[in-house]
Amino acid sequence: MCAEFRRGPLLRRFKKLRKVVGTNSIKLRMTSVQLTPDIRFELGHCVQRLATLADESVRAFYLDPPFDSDRIYTLSATSAVGFSDKWKDDEYKEFIQSVIDAAYPKLAKDGTLFFHISAERMFIPETILRAKFKFVSPIFWKRCRSKNNVKNKLGSTIDIVFKCSKVATPLFNVVFQDKDEKYLANSFKNKDDRGNYALGHLVTESTKKGHMYGFTAGGKTFNPAAGWRIPKTELEALAADNRLHVPKTAGAKLYKKIYLSENPGKPCTDLWDDIHSIGQGKEERKYPTAKPRKLLERIIAISTNPGDLVCDPMCGSGTTGAAAAALGRRCVLFDCNPDVAEIVRGRFQVAAATS
Ligand SMILES: C[S@@+](CC[C@H](N)C(=O)[O-])C[C@H]1O[C@@H](n2cnc3c(N)ncnc32)[C@H](O)[C@@H]1O
């Protein structure tokens with residue numbers, strides 16, 4: 001049974017609902033909802049729902065379970081929408097183990113499972129994930145700016161998203177992080193007719209065969225001690241296309257121009273500091289602990305191709321479904337909280353009406 005059902009507000013809510021509308025109606029609410037031809041939601045305990053998926057059919061899982069925070073989450077002081085995150089003894093560990101055991105066989109051989117957790121509680125799933133997966137690496141999500149209301153501890157700003165795979169080279173697409181203002185101002189300060197550009201290195205520190213040659217550009221001859229990074233033909237092509245930055249200072253290096261307009265950004269690293277949590281961004285929060293859509297879009301873009309199946313076994317407000325729909329992936333969402341069915345349905349109706 002769903003941990004949230006066993007105790008706390010969900011059980012009380014469920015009992016109240018059963019009294020008001022009768023068991024049959026509740027059963028109706030508990031069936032699956034086809035949100036779009038490619039996105040499905042099913043209400044129920046995720047371990048049971050996961051058992052219905054075909055083995056190795058899921059290219060990417062996103063798991064965002066309760067974090068063992070010893071709190072009850074509600075949307076607001078006046079709203080009961082939410083879930084309990086209170087656990088006894090080893091209950092939490094056992095729950096996470098059961099979810100990972102159920103998800104593992106459903107993950108494609110070249111697929112990726114992302115597991116989201118607070119930095120404070122990361123040690124619990126990490127042990128379980130490392131025992132199950134051969135390859136586990138953390139992504140550090142800086143979800144918010146520093147907090148100015150913290151008095152006796154360091155402000156917590158980081159969540160961990162463990163990236164887990166069965167093989168060393170799962171499907172991986174390079175994605176780019178947004179160019180931040182400081183980076184743009186510092187890096188692209190030179191300008192010519194084509195626009196602003198940054199300086200790209202051309203000289204090397206370790207000599208390569210065939211890359212030792214002298215080169216003349218802008219009336220100056222350059223003869224770097226350890227040679228060039230590229231062969232002479234490539235350097236000539238850059239010169240012919242006016243893509244060389246000739247220094248004014250005597251003895252300075254020759255660089256290639258990297259134009260801002262042609263630069264897609266920085267390839268994504270394992271530190272994600274360019275996505276704000278819902279509280280600090282523009283998105284409206286429809287569910288406590290809802291994650292920003294941009295976070296899920298990045299996770300899905302990295303690990304899947306269009307048409308692939310994504311699964312979120314504890315979907316909350318359905319952020320993963322919305323991101324999957326935006327990127328043309330198929331998605332199956334589970335959650336055991338009856339509140340969620342309405343929120344997810346509403347989210348897709350709103351999207352359909354406004355798109
Ligand atoms: C942190 S929230 C997920 C938030 C979600 N990522 C979003 O963007 O809205 C965790 C969710 O796990 C659900 N949950 C907890 N135990 C579950 C279980 N056994 N099966 C399915 N869902 C469960 C809760 O109802 C809650 O909605």
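What follows is a talk about the terms used for this structure and the values behind them.

Visitor: What kind of model is this?
Guide: It is a predicted model. The chain has 355 residues, and 32% of them are buried. It holds 11 helices and 19 strands.

Visitor: How do you know how much of the contact is between residues 24 or more positions apart?
Guide: Take the contacts with a separation of 6 or more. Residues 24 or more positions apart account for 68% of them.

Visitor: Why is Ala-239 called partly exposed?
Guide: Count the other C-beta atoms within 10 Å of its own: there are 17. Buried needs 20 or more, and exposed needs 12 or fewer. The count of 17 lies in between, so Ala-239 is partly exposed. Ala-239 belongs to helix 8, residues 232–240.

Visitor: What does Ala-239 touch, neighbours within four places in sequence aside?
Guide: Ala-217 and Leu-244 are in contact with Ala-239. For Lys-256, the C-alpha to C-alpha distance from Ala-239 is 8.8 Å, at 17 residues apart in sequence.

Visitor: What makes strand 1 and strand 17 edge strands?
Guide: Look at the strand order of this open sheet of nine: 1-2-19-18-3-6-8-7-17. Its pairing is mixed. Strand 1 (33–36) and strand 17 (271–272) each have a single partner strand, so one side of each has no neighbour in the sheet.

Visitor: How do you know that strand 7 and strand 17 pair?
Guide: Pairing takes at least two bridges. Strand 7 (residues 135–142) and strand 17 are joined by two, so they pair. They run parallel. Trp-141 stands opposite Trp-272 in strand 17.

Visitor: Which helices pack on these strands?
Guide: Helix 6 packs on the sheet and touches strand 6 (107–118), strand 7 and strand 8 (158–165). Its direction makes about 10° with that of strand 8. Helix 9 (residues 293–303) lies across strand 3 (58–63), strand 6, strand 7 and strand 18 (309–312). Helix 9 runs at about 150° to strand 3.

Visitor: What covers the buried residues of helix 9?
Guide: The cover includes strand 3, strand 6, strand 7, strand 18 and helix 10 (319–327). The buried residues themselves are Leu-295, Leu-296, Arg-298, Ile-299, Ile-300 and Ser-303.

Visitor: Why is helix 10 called mostly covered?
Guide: Seven of its nine residues are buried. The buried ones are Thr-319, Thr-320, Gly-321, Ala-322, Ala-323, Ala-324 and Ala-325. After helix 10 comes Gly-328, with a positive phi near 75°.

Visitor: How do you describe the packing of helix 5 and helix 6?
Guide: Two packed helices are described by the angle and the distance between their axes. For helix 5 (residues 91–103) and helix 6 (residues 123–132), the axes come within 10 Å and cross at roughly 35°. The crossing is right-handed.

Visitor: Which residues make that contact between helix 5 and helix 6?
Guide: Helix 5 brings Tyr-92, Lys-93, Ile-96, Gln-97 and Ile-100. Helix 6 brings Ile-124, Pro-125, Ile-128, Leu-129 and Lys-132. By class, seven are nonpolar, one is polar and two are charged.

Visitor: What makes strand 14 an edge strand?
Guide: Strand 14 (244–245) pairs on one side only, and so does strand 10 (190–192). They belong to an open, antiparallel sheet of four strands, in the order 10-11-15-14. Two bridges join strand 14 to strand 15 (residues 255–259).

Visitor: What do strand 4 and strand 5 form?
Guide: They form a hairpin, with two residues between them. Strand 4 (residues 71–76) and strand 5 (residues 79–85) pair in the antiparallel sense over five bridges. Ser-76 has Ser-79 as its bridge partner.

Visitor: Which residues are closest to the ligand?
Guide: Met-314, Gly-316, Ser-317, Thr-319 and Asn-337 are the closest of the 23 residues that surround the ligand. The shell divides into 13 nonpolar, six polar and four charged residues. Helix 1 (3–6) and strand 19 (330–335) each supply at least two of its residues.

Definitions and conventions
Residues numbered from 1 in each chain as written. Predicted model: local features only at pLDDT ≥ 70, side-chain atom pairs only at ≥ 80, totals over all residues. Contact = placed C-beta atoms within 7 Å. Axes fitted to C-alpha atoms, helices over the stretch in contact; angles between N-to-C directions. Left-handed = near helix turned anticlockwise from the far one by under 90°. Nonpolar A, V, L, I, M, F, W, Y, C, P; charged D, E, K, R; others polar. Near = placed C-beta within 6 Å.
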